[in-house]
Structure formats: structure tokens, C-alpha cells
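Here is my note on the model you sent over. Have it open beside you as you read.

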Amino acid sequence: MSTQKFNFSGQGGLVACGGPGFLTHTKREGLRTDSMENTAHMRALTDTDVEFFRTHGYIVRDDWVSADELAHFVDLFDRDRDERRYRWHRYGHHQEANYDALCTTPAFDEVVRHPKVYDAVVELMGGPVCFGEIGARFMGAYDGELHQGWHRDRPHWPEHPLRMDYIQQMLYLSDVEPDTHCFSLSPEGIEQPILTDNDEQLTRGGCVDIHGKAGTVCLFNVAVLHTATTRPTSAERKTMQIYYGHRDRAPLANDSVIPPLFWQHGDDEARAFYGNLNDVSRLYAQSFGLELPADGAA
Ligand SMILES: O=C(O)CCC(=O)C(=O)O
């Protein structure tokens with residue numbers, strides 16, 4: 001596997017063309033315009049974003065999701081939670097979640113492959129990405145003790161330029177402020193040694209609470225120490241949390257079933273993105289009498 005896909009110096013680096021209507025990443029000086037005719041591709045990330053990700057393990061952007069998109073995504077979320085209640089279950093310390101959100105509401109694909117987010121994910125991952133998991137998650141009012149459960153979802157991948165095997169999009173669908181539940185992480189830079197002891201990492205990196213208005217996106221390396229911070233509040237928190245992996249590496253987990261609608265999609269890019277099938281998707285497909293794609297290529 002190539003590990004030399006990045007060049008953060010700016011000149012001659014890779015830029016990403018991803019998401020619906022975009023096909024692949026390519027060299028900055030040789031932009032492909034497959035579905036874009038002669039429109040120059042606008043890169044979603046700035047060099048400052050990339051440098052921040054290198055030195056902190058995450059970035060936050062509140063300007064990618066438009067007001068109209070946000071209203072649409074909140075509507076999808078609320079309707080899913082209302083009409084597909086039977087797929088929502090208790091999760092973690094004080095959450096409810098639906099991990100089959102792509103089956104119950106296929107339109108969540110618009111969140112998963114939001115063009116700006118997808119473009120940034122592809123650039124940070126340094127090559128073609130695949131769907132890993134989707135969680136629609138809800139946190140209600142709470143009057144208990146402040147709670148945190150620090151963890152890393154997956155190990156670092158040392159051969160990757162950002163030592164990143166999987167990345168998560170955390171999309172806030174409600175305002176997140178100092179007195180509400182929030183997502184928190186302990187920043188770490190790729191030049192820093194990995195501290196496996198949580199207390200040591202928290203002493204070195206501290207704790208950053210990610211606040212932002214509804215529509216804010218945080219992208220982070222899931223190997224970075226993080227937690228949900230549950231605090232006494234009357235405010236509800238709604239999030240979409242989507243994992244992306246490298247297309248040629250192992251599927252993330254078996255929490256989300258990938259609907260055949262996507263891995264049998266008529267569009268090559270959609271099929272490839274959703275085609276790194278986990279065991280549960282294969283099992284369900286077989287049980288419904290569907291023919292599975294050849295290994296590694298849906
Ligand atoms: O819900 C949150 O704020 C934290 C999410 C988290 O810990 C995770 O996805 O592993």
C-alpha cells in the first residue's frame with residue numbers, strides 16, 4: 001500500500017474530488033473535470049486546516065453545511081427518530097442511536113457524501129475512502145453528574161502520513177454550547193509520541209470541548225482520545241456520526257448494515273464507496289437471496 005500520497009507543503013499536493021458527481025482525487029496541477037465540465041474544483045480544506053489536523057488530530061468547520069441543507073438534515077433526523085423508532089436503541093451513558101440509519105432513511109447518503117465534507121475526508125485520508133458506519137445519535141435533558149468516558153475507537157495506523165486508519169464526521173444538528181452536552185477530545189499531533197495511558201494524554205493534550213452552532217462539522221482521527229461529555233442540561237443534542245475508512249483496508253465494524261441500494265448502485269463511485277462490505281451486510285444480503293459482489297469490489 002502506498003503511504004506517500006500526501007504532500008502538505010502546498011505545492012504539487014493532492015487535492016480531492018469526491019462525493020456525488022465527483023470521481024477521484026488527482027494532482028493539483030492536473031485537475032480532472034469528469035462530471036464538472038470545465039468548472040475548476042474548489043478544495044474544501046485550507047492549508048491551515050490540514051496543518052491544524054496534523055498538530056491536533058481534528059478540525060472544526062461551520063461553513064460547509066448550508067442553512068437549507070441543515071434544515072433538511074434535521075428533518076430527516078427527526079422523521080427517522082419518529083417513524084423508525086424501532087431501530088433506535090439506548091447507547092452509551094446517556095444516548096439513543098440508530099446505526100441502521102442508511103436503511104431506515106437512505107437520504108442520509110446526502111450527509112455521508114456531502115460534497116464538501118467528502119472532499120475534505122478524501123484529502124485527509126489521502127486516497128479513495130469507503131463507508132464505515134453511520135450513527136444518528138440523540139442526547140436528551142440530563143440532571144445527573146457530569147460524565148465522560150475517554151477512549152480511542154481504533155489504533156493509529158503508523159504507516160499513514162496522519163497515522164489515521166479511520167476518520168469520523170461528527171455533524172451537530174443542534175446548537176452545542178458550554179452548558180450543553182458536547183463532543184470532547186484531547187488533541188495530539190502526529191509528531192508527538194502516542195500516549196497509551198489516558199491520564200498522560202490528558203495531562204499533555206488537555207481536553208477540548210467542541211462547541212458550535214447546528215451545522216458544525218468536526219472531522220477527527222478516531223484514534224485520538226475522545227469522549228461524549230454529558231452534563232446537566234435541559235438542552236437536547238442531535239448528531240450524525242459517520243466513519244470513513246480506506247477502501248483497500250478492513251471494514252470498520254458490524255454496527256451498520258449497508259443497504260444493497262448503495263452497493264448495487266448504478267454509479268461506479270457510489271458502488272465503490274459503499275462496497276467495502278462488512279460481515280453483517282454480507283450476511284443480510286445472503287439471507288435476502290442477493291448475490292454478493294466479488295471480494296473487495298462491489
Ligand atoms: O457522542 C459523542 O460526543 C462522542 C462520540 C464517541 O465517543 C464515538 O463516536 O466514539
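The points below go from the sheet to the core and then to the ligand.

1. Please keep in mind that this is a predicted model.

2. Let's begin with the sheet. Seven strands form an open sheet in the order β3-β11-β8-β13-β6-β5-β4, and their pairing is antiparallel. At the edges sit β3 (58–61) and β4 (89–91), each of which pairs on one side only. From one strand to the next, the twist averages 25 degrees.

3. Within that sheet, have a look at β8 (residues 166–172) and β13 (residues 237–246), an antiparallel pair joined over seven bridges. To find your place there, look for Gln169, which stands opposite Ile242 in β13. Helix α5 packs on the sheet, where it touches β6 (129–139), β8, β11 (217–221) and β13. The direction of α5 makes about 155 degrees with that of β8.

4. Now for the core. The largest nonpolar core has 63 residues, and those touching the most other members are Val121, Leu124, Met125, Ile167, Leu219, Phe220 and Tyr244. Helix α5 (residues 115–125) gives the most to this core, with seven residues. In general, nonpolar side chains in soluble globular proteins tend to be buried together.

5. Tyr244 is worth a click. Leaving aside neighbours within four places in sequence, its contacts include Val121 and Met125, Val129, Cys130 and Phe131, as well as Tyr166 and Ile167.

6. Last, the ligand. Which residues surround the ligand? They are Arg137, Asp153, Phe183, His226, Thr227, Ala228 and Gln241. Strand β12 (residues 226–230) supplies the largest share of this shell, three residues. By class, the shell has two nonpolar, three polar and two charged residues.

Notes. Residues are numbered from 1 along each chain as its sequence is written. This is a predicted model: local features need pLDDT of at least 70, side-chain atom pairs count only at pLDDT 80 or more; totals for chains, interfaces and linings use all residues. A residue is near a molecule or strand if its C-beta atom, placed from the backbone, lies within 6 Å of it. Helices (H or I, at least four residues) and strands (E, at least two) are DSSP runs, numbered from the N terminus. Ala, Val, Leu, Ile, Met, Phe, Trp, Tyr, Cys and Pro count as nonpolar, Asp, Glu, Lys and Arg as charged, and the others, Gly among them, as polar. A nonpolar core is a set of buried Ala, Val, Leu, Ile, Met, Phe, Trp, Tyr and Cys residues joined through C-beta atoms within 7 Å. A residue is buried if 20 or more other C-beta atoms lie within 10 Å of its own, exposed if 12 or fewer, and partly exposed in between; C-beta atoms are placed from the backbone. Two residues are in contact if their C-beta atoms, placed from the backbone, lie within 7 Å. Two strands pair if DSSP finds at least two bridges between them. Axes are lines fitted to C-alpha atoms, for helices over the stretch in contact, and angles run from 0 to 180 degrees between N-to-C directions.
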